[in-house]
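Biologist: I have not looked at this one before. Can you walk me through a few parts of it?

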Amino acid sequence: MSKQTTEQNTLTHDMQYLQLLSNSFPTIASASTEIINLEAIMNLPKGTEHFLADLHGESEAFLHVLKNASGNIKRKVTELFAGDIRDKERKELCTLIYYPEQKIELIKASEPDIEDWYHITIHRLVAVCRDVSSKYTRSKVRKALPQDFGYIIEELLHERTDDNDKAAYVSVIVDTIISTGRADDFIIALCNVIQRLAIDQLHILGDIYDRGPGAHIILDTMRQYHSWDIQWGNHDILWMGACAGNDACICNVLRLSLRYANLATLEEGYGINLVPLATFAMDVYGDDPCEEFVPILLKGNTLDEKTMRLTAQMHKAITIIQFKTEAQILNRRKEWQMQDRCLLDAIDYEKGVCRLGDKEYQMSSCNFPTIDLQAPSRLTPEEEQLMQKLHHSFRVCEKLRKHIKMLLSHGCMYQVSNHNLLFHASCPLNADGSLKDVELYQGKKYHGMELMHNIGMVIRAAFNTDSDPELRQFAKDYFLYLWCGKDSPLFDKSKMATFERYFLLDRETYKEEKGYYFQLRDDEAICDRILDAFGVEGPNRHIINGHVPVHASKGENPIKANGKLMVIDGGFSEAYHHETGIAGYTLVYHSRGFQLVQHEPFTSTTDAIQKGTDIKSTTQLVELSAHRMLVADTDRGVELRSQVRDLRELLYCYRHGILKEKEKK
């Protein structure tokens, strides 16, 4: 077959599309230049991706991991300057890169020759910046540079002092930066560029919210972050439901915050007014010791006796209202078959027992002054009034709406990225490992990828004022099912034993049987079946999850199914540290393969700045590639090859007179 015939066979595009493409590339020269550019990009090393899960409001630890790129910046500084500068100086340089504004102020207060320090530091920072930018095109690096210093940084990155002809040029640039009083700003700008380029793409596998005090700080940070995505977790869904106006979700959000005496996100982050709840709790439970509801205090959180008592009273008040509002939804949505979770109906208030199935269990207490024995799930007028106020606070909070909108725009239930399938918790399975059909809306059933996609569409319908009213109401209710429903991909357990843990003495009732996904996920064949169902291709494909903390201290391995599955919930939240023995994982996927970084607990930002303490991290090689992966091997490479094909068809049209080149204006 002749070359011309081959080219003719490749001309498959609609001419209208090629005519549109010719507006961007009007000549043979411009189209050829773009092909050269794209082919060159495809032969660069792939960018470094970081995967994090289950942040649970631990903003200080999360921000530090972003700043130190999960230990990658420290590693690069060590490689660059090993043998040239002392350990103390390398440590100081790393701290400067992480916290430039604060560290500069400390150094200026103690450094006797600040100009000499400026000279040395700027040259070292340029070397680090040159290293982290080496895998990117000049164009991409240029876009990451700050406007004020973009040209200067670019010059320093591409001129080397070992070239005698350029040494004086570089020296004058640095001298002038210092003499014009711009050294502090320039150093800060360089440090921020290093942080920016050290992580090319950030994947958050759900659960930004609850337990820790800084979920709103994490989301404020992500608003400015260059490239990230999120696969929604069950705790994110809870807050999304609260924002959408689901009263049961609102109650759960408040209960979890009170359980850990963590009101910072509610009050400081979103300005939710808790005075009505406090007033109600003191009136109704003033004489109740509320022993089951004494909050769990985490690191650095202390409460005086009076505040502890009030918090416990508020905790109990909102928990009882939660059980009532949940029962109202579960009775309305009988198709979920969860009426057995309406446990206020199952209590014998005189005997002080609760019936589960065919057995009665002793309750720890039975003081429920707001329960109507004829209608246990009915709110009292005072509870109705309280919920109206709380509902209003969540619905009108502009900052919460902005954060939830951001989760919707950057997130979904799952994502396939560079041969990796990402979702927070589970993909519902049958006992034989086949994908389980789960009923969603109006009796329609879905499994696997279709289930995840359609759940995502239902979630979005809750926030879309143009949605069908019936669908919108279902969507609002469905947040509760996603939180605690048996076949929810974000829960996937037999029940959520919240009531049992608060009120029943028999600990056997606390058990939550995990779904078949969690029972079978160590089977490589099962993982391959799921990957096939989601259309994930390639010899080195993986499922990456969070949700269930990995008990590293007990020897549990986060790498499962012969490397096909990686579970990266290592317990960022302090509440899990005693279970996991560590303080979180970062999975790093760079051009050489996968590395799992295991983090020790973070002390504080203040210690990091003043003492130079860093998160101690241990790196485990998970999977190394036989060849260095290039952009061509990624999803971006697929897009670029498609663009190259289009441009080659455009060239064919130009060269054979099918389209005419346009004159430059």
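Predicted model: local features only at pLDDT ≥ 70, side-chain atom pairs only at ≥ 80, totals over all residues.

Biologist: Sheets, then. What is the strand order in the open sheet of five strands?

Modeller: The order is E8-E9-E12-E14-E13, and the pairing is mixed.

Biologist: Which strands stand at the edges?

Modeller: Strand E8 (414-417) and strand E13 (559-560) do. Each has a single partner strand, so one side of each has no neighbour in the sheet.

Biologist: And how do E12 and E14 run, parallel or antiparallel?

Modeller: Parallel: strand E12 (residues 542-545) and strand E14 (residues 565-567) are joined by three bridges. Asparagine 545 has valine 567 as its bridge partner in E14.

Biologist: What about E2 and E3, how many bridges there?

Modeller: Three bridges, and the two strands run parallel, with E2 covering residues 201-204. Leucine 202 has tryptophan 228 as its bridge partner in E3.

Biologist: Which way do the residues of E3 point?

Modeller: Trp228 and Ile230 point one way from the strand, Asp229 and Gln231 the other way, and all are buried.

Biologist: New topic. What is the volume of the second largest pocket?

Modeller: About 780 Å³. Its lining has 38 residues, and those nearest the centre are Gln337, Met338, Asp340, Lys486 and Ser494.

Biologist: Which elements give two or more residues to that lining?

Modeller: Helix H18 (305-332), strand E10 (438-439), helix H22 (469-484) and helix H23 (498-503).

Biologist: How do the lining residues divide?

Modeller: Into 17 nonpolar, seven polar and 14 charged.

Biologist: Is cysteine 249 buried or exposed?

Modeller: Cysteine 249 is buried, because its relative accessible area is 1% and the cut-off for buried is under 20%. Cysteine 527 also counts as buried, at 1% relative accessibility.

Biologist: Last one: where does serine 377 lie?

Modeller: In the loop between strand E6 (359-362) and helix H19 (381-396). Serine 377 counts as buried because its relative accessibility is 14%.

Biologist: What does serine 377 touch?

Modeller: Leaving out residues up to four places away in sequence, serine 377 touches Lys324, Ala327, Gln328 and Asp345.

Methods
Residues numbered from 1 in each chain as written. Heavy atoms only, no water. Helix = DSSP H or I, 4+ residues; strand = E, 2+ residues; numbered from the N terminus. Buried < 20%, exposed > 50% of the residue type's maximum accessible area, 1.4 Å probe, protein only. Contact = heavy atoms within 4.5 Å. 1 Å grid on protein atoms, 1.4 Å probe; cavity = no way out; pocket = protein on both sides within 12 Å on 5 of 7 lines; lining within 4 Å. Points joined across faces, edges and corners; volume = space filled by probe spheres on them. Nonpolar A, V, L, I, M, F, W, Y, C, P; charged D, E, K, R; others polar. Pairing = 2+ DSSP bridges.
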